[in-house]
Amino acid sequence: MHSEDGDLWEAFAHYNADADGTVNLTRDHSVGGSYSGCEAMGLFWGLQPAPGAREGLRLRKKNVETPYVVHVSLLEGHVSPSEEQSNELAAVTTERWYMAPGVRRIEIRKDGVIGTLFLPPGTGPFPGMLDLWGMGGGLVEYRSALFASRGYASLSVAYIGHKELPGPQNKINVGDSYFKSAFHLLQDHHQVCADRIGIIGLSFGVYLTLRLATNIGVKPSCLICVNGPVGSTIKLSDDDGRTENFEGDQKYWMYDDQGHVSFRAVSLPANLSPESKVKIENLTCPLMYIVGEDDLSSSSIENADLIEETLRAAGKSQLFTRLSYPGAGHLIEPPYSPNSRSSLWSVKPKKLITLWGGHLAPHAAAQEDAWKKILDFMENNLRR
Amino acid sequence: MSLERCLSFSRAALRSVCFTKQHLQGCVHICLRRSSTMSQAATPILSVFPSRALVDEKFKVLVENLPPGCPVTIHSLHHSEDQDYWEAYGHYISDDRGKVSVSDDLSFGGTYTGKEPMGLLWSMRPVPGSRKGLRLRKMNVCTPMLMDISVYSRHEGFRDQAPLASVLIERWYMAPGVRRIDIRERGVRGTLFIPPGPGPFPGLLDMWGGGGGLLEYRSALLASRGYVALALEYFSPGELQTAELEFNYFETAFNIVKDHPQVMPDRVGIFGLSLGSIVTMALAVESRVVKPRCCVCISGNHCFPPGRTLAAVTGEVDMNYDKVRVDENNHHIWRDVGLAIMREPSSKLDMGKINCPILLVNGHDDQNWPTVESAEDITEMMRAAGKEHLLTRLEYPDTGHLIEPPFSPHFRATNFIVNLTKEKVIMLWGGQTKPHSDAQEDSWRRILTFLQQHLYCSPSPKAKL
């Protein structure tokens, strides 16, 4: 398949047809290629940039109103795509959508909030989700589009690295009131159940989720935190949560022998700016924390431990659920998308590639399992 | 939740769709939701899987999070290209876990009863107040059919309130990757559909019946199932008398498929319905130019005087037009016209001369043509010629003339322009909805198996993905 940027991504697997002349991916085992064993969805999560592709690619859909178009072909013999053109016997085309039919995409530019709201079809009212991403910035829509396709009104919000936000793009120039406004925009929407709203955060978004839930007095019904810290990884510039330039302090940046950077140590609890550490003991709603044990970008295990300990000491263990996945990296995303163990982080002042961690097969298994559990958690806390 | 919040919901303006024809035309209905169903109770969850599918694929409709033992109605609504509204609905009661599964549970009433996983599609009919004699046929196959599936509280009077939940689904005739190509060559008019992939593929010439025009949907679906299919236009609606239809028009059309670079020339079949079936049989028996690998004839007959043109065929109909009856609703019944023609041996093809496998699909309640009697006669001819092994017959009780792809609604009687008189009548096709729909579902599966067996399988197998 081709990404939106025009890069070619490929996966392949070798099978032997059975006595009926049939190959069935839900039953048969791959004997080689991008994955091995019985993997019904391996042709999707096993996708990798084709040989000769640019360095540091990551597959992310920007425009969720169109599908990924994936060509699935049957080739003769156990070949790999980089070899000479093999005999293509048959092919089909499949579409992979983030948005179900009838889901509405609404650009939100209100009360200073920069976001996109996805509403399920129907009159509702629907339970809601506030969707927060990491320091990579921008406005990432695909997870919210998918939540709406599963019946939740979901608002994805930008807070850094977006041209419509105030101030320079390398700092967080919006504070507590910004996130509170975002939560209230969702809550006040006539098609959203005001008392059934959850928050999900990935990476730095975890800190924002915890801060929003404990500090500011909004009352979410549940929280989902994926691989992120309990405090800010950048020095705060005011009491309201705004930060300095995130590239300012690089003392905890670690480089491997290829010059790729791991941000892992930045989020060790001891290294977080103390005044930003969230008062976890003030939590009043269920929290699901998801750990990728091979996370090279965030000290997820240590932060999960800290949250668990703090809640236990406060007599609130019953609020805490932890999912932990060996071999999974930082970017635990909706299922069947391929993991990038590293990708391009910035091009200025020089090209920098960052390490996310995670190995292809265990990371894929983690995404699939985590997504099911996330949806169950949301159903139990937002619908029943 | 707080009273203030309850009231703010009640005041919110919500769009609601009303279900009589008058109301549907541009009406925005401001509904007040009952505040007692607000967030105090769990919100019902409606899901349809898959939400995007081909028209011959099944779906699962599930409602969850209802109170146990709760009466609900599940409703489907479609706004057609002709701007009519079609609907179906079933009355259900949730189980002790608050669930309704259309695939597993029984409908107590509505437009279908009993355990009917696809009843929300095949039992669709025009909403009350619609025009008469309607038929639902997708003309633009490049877009999907959109259906609203909703769940309502109650059985009686369910339409009086807004639905509890609603989803939108897409039903496609064209799979992703299928290519659609306009054909205007060698005097032939039609549309060619090519499956994705390198090919080569087996091919089909696809012909509809006496209504005329260019109907693409079955060909699009056949291409989605791996066949290069040419939907052929051979006359415009109402223009059959004047159309210049030499036998070689159809032979040329067949060759367009056969000569296509992505088609296996020795694996081209012919697929016809009604008048299209007559042409199919004529080509198989009489043509010295084309040799179909196999034939599928739905609701067809073998009344084609050898050596004559299609216009002559319709001439036979015209000569026996006095045998047309009408029923108590003034709907036209043409069965007896066909019986009269069949009494003339010289009006019939000698089916003993056929040399390829042929599948006949007919309904026992066909009021338009005596297709079952015709199939009997064909069987006799083929048996006498030692060709019975080539014949497969599918017959269905209480099934009418218009046997279409599965899950399409049943059309017992629809508007038709009579070629001879140009008058607009309502033609009785026959069939009862439930058995007719069963026939559509069963016959399509068997048709695809028949085509796979004769056009895909050994001696030289082609891989199919």
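How far is the sulfur of Cys285(A) from the closest cysteine sulfur? In this predicted model, in which local features need pLDDT of at least 70, side-chain atom pairs count only at pLDDT 80 or more, and totals for chains, interfaces and linings use all residues, side-chain values use heavy atoms, with hydrogens and water left out. Residues are numbered from 1 along each chain as its sequence is written, while chains are lettered from A and ligands numbered from 1 in the order in which they are written.

The distance from the sulfur of Cys285(A) to the closest cysteine sulfur, in Cys222(A), is 6.7 Å, too far for a bond. A disulfide is taken here as a pair of cysteine sulfur atoms within 2.5 Å, and over all chains the structure holds zero disulfides. Cys294(B) is likewise in no disulfide, the nearest cysteine sulfur, that of Cys295(B), being 6.6 Å away. Cys285(A) is buried, with a relative accessible area of 4%; buried means under 20% relative accessible area, exposed over 50%, and partly exposed in between (1.4 Å probe, protein chains only). Cys294(B) is also buried, at 1%.

In chain A, an unreviewed UniProt entry lists Ser203(A), Asp295(A) and His330(A) under "active site"; such annotations may be inferred rather than shown by experiment. These residues span 128 residues in sequence, yet no two of their C-alpha atoms are more than 10.4 Å apart, so they gather at one spot. Ser203(A) lies in the loop between strand S9 (192–202) and helix H4 (204–215) of chain A, where helices (H or I, at least four residues) and strands (E, at least two) are DSSP runs numbered from the N terminus. With 16% relative accessibility, Ser203(A) counts as buried. Beyond four places in sequence, the contacts of Ser203(A) (heavy atoms within 4.5 Å) include Gly134(A), Asn227(A) and His330(A). Asp295(A) occupies the loop between strand S13 (287–292) and helix H5 (300–313) of chain A and is buried at 3% relative accessibility. Among the contacts of Asp295(A), neighbours within four places aside, are Asn227(A), Arg264(A), His330(A) and Trp356(A).

In chain B, helix H5 (residues 247–258) packs against helix H6 (residues 275–286) at an angle of about 85°, with axes 11 Å apart. Axes are lines fitted to C-alpha atoms, for helices over the stretch in contact, and angles run from 0 to 180 degrees between N-to-C directions. H5(B) and H6(B) are therefore roughly perpendicular to each other (65 to 115 degrees). Phe247(B), Phe250(B) and Glu251(B) of H5(B) meet Val279(B), Ala282(B), Leu283(B) and Glu286(B) of H6(B).

Notes
Parallel < 35°, antiparallel > 145°, perpendicular 65-115°, else oblique.
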